[in-house]
Amino acid sequence: MRVLVTGGAGFIGANFVLRTLDARPDVTIRVLDKLTYAANPETLAPVADRVELIEGDIADTALVHRLVGEADLVVHFAAESHNDNSLADPSAFVHTNLVGTYTLLEAVRAHQVRYHHISTDEVYGDLDLDDPARFTEHTAYNPSSPYSSTKAGSDLLVRAWVRSFGVAATISNCSNNYGPYQHVEKFIPRQITNVLSGVRPKLYGDGRNVRDWIHVDDHNDAVWTIIDQGRIGETYLIGADGEVDNRTVVETILELLGQPADAFDFVTDRPGHDRRYAIDSTRLRTELGWQPNYNDFRAGLAATIDWYRDNTDWWQPAKDTVEQKYAATERVTG
Ligand code: NAD
Ligand code: DAU
């Protein structure tokens, strides 16, 4: 099977490529990636002889039509993915997440290629901390940020291309991923690498916001389960029952790294900061038989800390730029 992976030099896409090469000898992989600030081609360097990495934009119609025409399956990870960046300048989010997805959909439509669309639980907006509800495939879309609204728009394009044009697509909406090769702008790697650099972790607002953490390998195993067994046109929510508030995550990182649990700063909150995400993945579990392997968040976090400690060469080059960007708007509040 010839698989075109968009965004395969980013966090989740690169983990998908590495895991797929290990588990599926029948698959050949091409990666299409614009190599933005979020990409790290070093992640794919050890498999350079087995993966063709094409530097290019998913909104480049001619390139996309050629590559899609030579594939049996497109797995679409490429995106502008960081909420804070989308608040500073939404333009790249509209281009990549909306125009880029549209370009891919037109290509899979023309060449009749199977397509899997990677999306996020943020399309559903947020939940109150004391709300017993969790997101399901039937929850109404209610995105909050420029990032999540462009992802919601891209999901709706996929649904329309399935219904109007018979495109053979599936969609998955996953909760917050953690694991190796995640960019240091994101919450968990930022705090781990802060502590490793002698800097205090930074908690937005009151630190009580809740995210539903899942290990990136569990996400990617679910993606293959959906590609193999999912019903065309359907949406599947991916989550591992991993709700934890941000303060607890920071305290656990500090404890695992031998620091006092209160050695962090509260900083200015993110505008429009979603309070809580929570996924009900019953459909994926009961219909397709998927289940997560990482059921102990503390153990998964400890392994992730070990990875960042052992791979400073991978993250160090991006660290200063990211921290300078945060410092321009962030103010310590407590
Ligand atoms: P990331 O930012 O780490 O990687 C994105 C990749 O896409 C980068 O390699 C970047 O160079 C590439 N890219 C950006 N614009 C491009 C363009 N125009 N053309 C080609 N390539 C382009 O993102 P990630 O965290 O790995 O997320 C991957 C996907 O998973 C995204 O669609 C995101 O919305 C979704 N998702 C992420 C999470 C999470 O917790 N990180 C959770 C659920 C869903
Ligand atoms: O829910 C899935 C989404 O998870 C994905 O669609 C996004 O691509 C991904 O970036 C992630 O979005 P979040 O906004 O939840 O992730 P982030 O890592 O930016 O922040 C996680 C939480 O931590 C959030 O409540 C904001 C908070 N935070 C973040 C940073 C960077 C802090 O308290 N301090 C920080 O320094």
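Hi everyone. The largest share of the shell around ligand 1 comes from helix α1, which gives three residues. That is where I'd like to start today, and please keep in mind that we are looking at a predicted model.

So, what surrounds ligand 1? Its shell holds 31 residues, and the closest are Gly7, Gly10, Ala38, Ala39 and Ala79. Besides α1, the elements that supply at least two residues each are β2, at 28-33, α4, at 91-111, and β5, at 114-120. By class, this shell splits into 14 nonpolar, 12 polar and five charged residues.

Now over to ligand 2. Around this one there are 19 residues, with Ser81, Thr120, Lys186, Phe187 and Tyr204 coming nearest. Which element gives the most to the shell around ligand 2? That is β8, with three residues. You'll find β8 at 202-204, and α6, at 187-196, also supplies at least two residues of the shell. As for the classes, the shell around ligand 2 has four nonpolar, eight polar and seven charged residues.

A quick word on the annotation. UniProt, in an unreviewed entry, lists residues 4-295 as "domain: NAD(P)-binding". In our model that span is 38% helix and 17% strand, and its end C-alpha atoms lie 30 Å apart.

Let's come back to α1 and see how it packs. Helix α1, residues 11-23, meets helix α7, residues 216-229; their axes come within 10 Å and cross at roughly 70 degrees. The two helices are therefore roughly perpendicular to each other, and α1 passes α7 in a right-handed crossing. If you want to find the contact on screen, look for Phe11, Ile12, Asn15, Phe16 and Arg19 on α1, and for Val216, Asp217, His219, Asn220 and Val223 on α7. That makes five nonpolar, three polar and two charged residues in the contact.

Next is α4, the other helix from the ligand 1 shell. How does α4 run relative to α5: roughly parallel or roughly perpendicular? The axes of α4 and α5, residues 146-165, come within 9 Å and cross at roughly 15 degrees, so the two are roughly parallel to each other. Their crossing is right-handed. On the α4 side, the contact uses Phe93, Val94, Asn97, Leu98, Thr101, Tyr102, Leu105 and Arg109. On the α5 side we have Pro146, Tyr147, Thr150, Lys151, Gly153, Ser154, Leu157, Val158, Trp161 and Phe165. Sorted by class, the residues of this contact are 11 nonpolar, five polar and two charged.

Helix α6 packs with helix α10, residues 297-310, at an angle of about 55 degrees, and the axes are 10 Å apart. That angle makes α6 oblique to α10. The crossing of α6 and α10 is right-handed. From α6, the contact takes Ile188, Pro189, Ile192, Thr193 and Leu196, and from α10 it takes Thr304, Ile305, Tyr308 and Arg309. Six of those are nonpolar, two are polar and one is charged.

To recap the angles: α1 and α7 are roughly perpendicular, α4 and α5 roughly parallel, and α6 and α10 oblique.

Key
Residues are numbered from 1 along each chain as its sequence is written. Chains are lettered from A and ligands numbered from 1 in the order in which they are written. This is a predicted model: local features need pLDDT of at least 70, side-chain atom pairs count only at pLDDT 80 or more; totals for chains, interfaces and linings use all residues. Axes are lines fitted to C-alpha atoms, for helices over the stretch in contact, and angles run from 0 to 180 degrees between N-to-C directions. Helices (H or I, at least four residues) and strands (E, at least two) are DSSP runs, numbered from the N terminus. Angles under 35 degrees count as roughly parallel, over 145 as roughly antiparallel, 65 to 115 as roughly perpendicular and the rest as oblique. A crossing is left-handed if the near helix is turned anticlockwise from the far one by less than a right angle, and right-handed if clockwise. Two residues are in contact if their C-beta atoms, placed from the backbone, lie within 7 Å. Ala, Val, Leu, Ile, Met, Phe, Trp, Tyr, Cys and Pro count as nonpolar, Asp, Glu, Lys and Arg as charged, and the others, Gly among them, as polar. A residue is near a molecule or strand if its C-beta atom, placed from the backbone, lies within 6 Å of it. UniProt positions are given in the numbering used here, feature names are shortened, and annotations may be inferred rather than shown by experiment.
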